[in-house]
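Please study each task before reading its solution.

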Amino acid sequence: MKRIFPVLGLMVVLALLGVSTAAAQCEVADEDLRYLLKVELDKRIETLLDHKTPGGFQDRHGSYGRKFCKVDDTTYTVTFTERTATATQLKADRYTLTLKQTGPRKWEIADEKLEHSFDGLYRYYPAPKSYAFEAMNFDREGMKITGGNGQLYFTVFGGEINGFVVVADNMKYDYSVPEDVTPRYFKEVEEVMHTRFKAQMDFDPAWVEFECDPRTCPQVLDTVFTGLPDYTVPVIDDSAPWVPHGTAAGISGLLAKRYERFGQDYLGKEDYKKRLHDNPFTNFEVRPKEDREMLEVALFSNEANFLYFRIDSYEAEEVALYGLFQNVYQGVLLNYHGKKTRDAGIDPYELENRPDSDAREYEIESAHVEVDLALEDPEVLVARATFRMNVKRDMTELNYGLITQTRGTDMEERRNPALRMYYIALNGEEQTVIPTSPFQGVVPFPEPVPAGSTIEVTAEYSNRSIRKFTPSYSNLPRQGWLPFVRFTDQIADYQMTVRTPSEYKTLGVGELLETSTADGVTTTHWRADQPVSFPTVIFGKYFEGKPNEEIHVIKKDGHEVPVTVHVDEVSKMNWDIRGKKMTAVANQAASALDFYRSMSDYDYPYRTLNLVNDAGSFAGQAPASIVYLGGGVFRGEGIVGMIGGSDLSMFNKTVVAHEIGHQWWGSLIGNVNNRNYWYSETLAEYFSALWIETVYGDKEGPELYQKKVEEWRKSVLDTELMASVKRSASDYMGEFPGPARQALIYNKGPLAFHMLRTIFGDKKFAAFIAPFVKDLAEKQQIVTLDIQRAAEKHLGGVDAEGNPYNVDLGWFFDQWILDIGIPEYSLNYTTRQNEDGKWLIEGVVKQRVVYGNRINKYEMPGVMYRAVVPITVLGKKDQKWSKKLVVESAETPFRLLVPQRPLEVVLNEGHATLAHDVVVNQDF
C-alpha cells in the first residue's frame with residue numbers, strides 16, 4: 001500500500017477532494033493591503049542587502065511569499081526567508097513574520113518565528129596550501145595519465161576534499177575505448193575523431209583538474225600519486241575575505257597561475273563573469289548523495305582546448321568523454337557503461353530501462369495546475385501547481401528549475417531573476433525554498449522522505465517565460481514551464497485551469513470543460529482523460545478553421561473529436577493565410593486521425609485536437625492534444641516550392657500527419673528515458689508516409705510513398721553519420737550534429753521500417769501493425785527492446801502444428817538501429833544463352849560495410865550485414881524477372897534463368913535495402 005509521508009489527515013482529505021490546503025488555512029489580503037504590507041518587507045530586505053562582508057560583498061538576502069494570511073483585521077502573517085552566505089556555505093532561515101497595523105496605512109513587523117533552518121548548501125573553495133609528489137599514474141576506463149614530479153592543491157566542498165588541480169613534469173595522457181565496450185563501432189569513430197581532431201587531441205596536458213565525491217577523492221589520491229605526503233582536509237576560515245589573494249603556501253609556477261586564475265574567476269575580474277560580486281549567492285550546491293560515485297577529470301592543453309572525462313554512477317551510462325576544441329564545444333564524444341556494469345552481466349533490457357539521471361527519485365502521478373498568463377505582465381506567467389509523486393528512492397531534497405526568457409544582462413538577471421518561487425509545500429506543510437541561480441533552486445526536506453512513499457508537492461511561482469512576438473501571438477516554452485516535470489513523464493491525472501486577458505483564446509491539454517469571463521479575464525478549465533506527456537498551454541487572438549462539414553472523427557465510444565486550426569490574426573495577414581488553406585490543414589489532421597485509428601485499432605487518446613500556427617517557423621511539434629505548425633505549413637505548395645524546393649513541398653504534404661502521429665508515438669506510447677526517444681520521431685515519420693500512400697490512392701499514393709523513401713535515403717547517404725539511430729541523443733554524431741540527428745531519427749529510422757515491409761511483404765506488414773501497437777500501448781512507456789520484441793512476435797507466424805513462433809530480428813535491429821554501417825554492393829555478372837534458348841545470368845554480389853557519407857566513406861573491416869536484396873532482370877517490352885537474394889557475407893553468388901535476352905540486370909531495385917549506389921562489374 002502506498003504511504004503518504006508525513007500524514008496530515010485533514011490536509012490529505014482536502015487535497016484528495018481538490019481543495020487547496022493552503023487556502024483552507026488562511027485568508028489572503030487584497031491588493032491594496034498587500035502593497036502596504038510589502039512596504040515593510042521590502043524595508044527588511046533593503047536592510048539585509050546593506051550588510052557587507054569585510055571584503056565588501058553582500059552576504060545577506062531576503063524574500064517573502066505572495067500569501068498574506070489574516071489573523072484579524074489588524075494582524076497578518078507571511079513567510080520570509082533570509083539567506084546568509086559565507087565564503088563556503090549558505091544558510092537559509094525561514095520565518096513566519098507577524099505584521100501589525102500601527103496607524104492609517106501603516107504597518108510594522110511585530111514578531112518573527114523561526115520555522116526552519118538549513119545550512120547544507122556549499123560551494124567549493126581552493127585550499128591555501130599545496131603538496132608536492134614524485135609521480136602520478138591514473139588509469140581508469142580507458143583514460144591514462146602519467147607524470148613525474150609535481151604539485152597539487154585541493155579544492156574543498158563542505159569541509160571535505162572534492163577535487164585537486166595538478167601540474168607535473170612530462171605529463172602525458174592516452175585514451176582508448178576499452179576493448180569490451182559496446183557498441184562495437186566506437187573503435188572506428190574513435191579513430192576518425194583522432195584523425196579529425198589530431199591537432200586538438202594530441203597534446204601533453206599542461207595541467208589536470210580532478211573533481212570527485214568525498215569518498216572517491218581520497219581513494220584516487222592514495223592510489224594515483226606516489227610520494228604524496230600525509231595531507232589533511234584544509235579548514236577554510238569563513239570569517240576571512242572571500243577571495244583568495246596571491247598564492248597559497250608552497251605553490252609556484254603554472255600551478256600558482258592556476259590558483260590565481262581561480263581567484264579571478266571567483267571575483268569576476270576583466271572579462272570573466274562577475275559571479276561573486278554581482279551575486280554572492282551563486283554556485284551553491286547540496287552534498288553529493290552517499291551512494292553516488294563521481295570522478296571527473298579535465299585535461300587542459302590551454303584555456304581554449306581540453307578533454308573532459310567523467311565517471312558518474314548516477315548516469316545510465318556511467319562513462320563519458322567530452323571535448324572543447326578551440327573554444328568550440330563538441331559535446332559528448334563517447335558514452336558507455338562502466339566496468340562494474342560491464343562485468344555484472346546485467347540483462348540488456350534492465351540497462352535500457354535505467355532512468356535518466358534527473359528521473360531517479362520520483363515519478364509524477366498527477367498534476368493539477370492553475371496558471372495566470374499575461375495578467376500581471378505580458379511576459380509573466382503566475383502559477384500554482386500541485387503534484388502527486390511516487391517516490392522511487394529516499395529523498396532529502398527536491399530540485400526545481402524552469403526555462404526563462406533572457407531579457408537583460410547577466411547582472412540584471414541575477415539581481416532580478418525571471419523565476420520567483422514563492423512557496424513549496426510537502427503534504428500541506430510549507431518548506432524552505434532556496435534559489436541557487438536565477439532559474440533554479442532547491443527545497444531541503446526537514447526529514448528524509450522514504451522510497452515507496454506517495455507525496456503531494458504544491459508550488460506557487462511566477463516566471464518571465466512568455467515571449468510576445470506580435471499583438472496576437474505569444475510563445476511559451478513548450479517544455480519547462482512546469483517545475484518537476486520531465487520530458488519523458490507520463491502524467492496519469494492532468495487538470496489545468498488557465499486565466500488570460502479576455503481578448504485571448506486559450507488552448508490547453510485534453511478537453512475544455514468550462515469557460516467563463518468576468519472583469520476582463522477569461523477562465524478555462526481543462527482535463528485530460530488519458531495520460532499526458534509534454535503538457536503545454538498557449539493563448540492568442542485566433543482565426544479558426546475546421547474540416548469540411550462532411551468530415552467527422554468519431555471515437556469508438558461515439559464521441560466526435562473536434563478538430564480546429566488556429567491562426568493568429570497577425571500571422572494570417574503577414575503570411576496571407578487563406579481560409580481554404582486552414583480548412584485543408586484541418587482536413588489533413590482529421591484524415592490522419594482516422595488513418596491512425598484504423599491502422600492501429602487505437603483511438604486518438606484525447607477528446608479534442610487543436611492545431612496552432614507557430615509564427616515564423618516551418619517546423620512542427622506535437623505535445624499532447626495540441627499540434628504546433630510553422631507558418632509555412634499554411635502556404636500553398638507552389639510558394640513553398642519556390643522557397644525551399646521540392647523537398648520542402650513534400651515536407652508540407654506530410655508534416656501534419658507526422659505531428660498527428662505523435663499523439664500515438666509520444667503520447668499514447670511514451671519513452672522510458674531520453675536514450676530511447678528515437679522511435680517517437682521515427683515511427684511518426686514512417687507512418688506519415690503510410691498515410692500519404694493511402695490517402696492519395698492507388699494512382700499517386702505508391703509514387704509519393706516511394707518519393708519519401710528516396711528523400712530519406714538521400715539524406716542518410718549525404719550526411720556524415722557517426723552515431724546509430726538509437727544513440728543519436730548520446731554520442732558524437734559527426735561534423736554537423738544537427739543534420740546528422742535529423743538524418744538518423746527522421747530518415748534512417750523510417751528506412752528501417754520500410755525495409756521490414758519489403759522483407760515481409762505488404763500483406764504481412766499491414767496485418768502486423770495493429771497488434772504491434774497494442775503490445776506497446778499496453779506498456780505505455782517503452783524502450784528499444786520492447787519495439788524489437790513486439791516486431792519479432794507479430795512478424796512471426798504459425799508452424800505446421802498451429803503453434804505461434806517469433807522471428808529473430810536481433811540482427812536487423814543490431815544493424816539498422818544500433819550500428820552505424822551502411823552496406824555497399826558490387827554486382828558482377830555474365831550472361832549467356834543455354835541449349836534451351838533461355839538466358840543464364842551468373843554472378844556474385846560483393847559487399848563491404850562503410851560509414852560516414854557518400855563522399856567520405858570509412859570501411860568497417862570484417863563487418864558484414866545481412867540484407868534481403870532484390871535482383872531484377874529487365875527485358876524487352878517492359879518484361880521483368882526478379883529474385884530476392886539474402887546477402888550476408890563478403891561474396892554472395894547467384895544464378896538466374898530468364899526466357900529473353902537480358903537488357904539490364906539491376907540490384908536493389910527501388911532501394912528496398914538501405915545501401916550505397918551499386919557498383920556494376922567493377923570493384924569498390
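**Exercise 1: A disulfide**

Cys-212 and Cys-217 are joined by a disulfide, with an S to S distance of 1.9 Å. The model is predicted, so local features require pLDDT of at least 70 and side-chain atom pairs pLDDT 80 or more, while totals for chains, interfaces and linings use all residues. Residues are numbered from 1 along each chain as its sequence is written, and side-chain values use heavy atoms, leaving out hydrogens and water.

Task: Describe the link of Cys-212 and Cys-217.

Solution. 
1. A disulfide is a pair of cysteine sulfur atoms within 2.5 Å; the count by this rule is one.
2. The link is right-handed, with 90° about the S-S bond.
3. Cys-212 and Cys-217 are both buried (under 20% relative accessible area, with exposed over 50% and partly exposed in between; 1.4 Å probe, protein chains only).

**Exercise 2: The annotated positions**

Solution. 
1. Glu-659 counts as buried because its relative accessibility is 5%.
2. Tyr-746, at 18% relative accessibility, also counts as buried.
3. The side chains of Tyr-746 and Glu-681 make a polar contact at 3.3 Å (a pair of N or O atoms within 3.5 Å; within protein, one must be able to donate a hydrogen and the other to accept it, and residues adjacent in sequence count only if both atoms are side-chain atoms).
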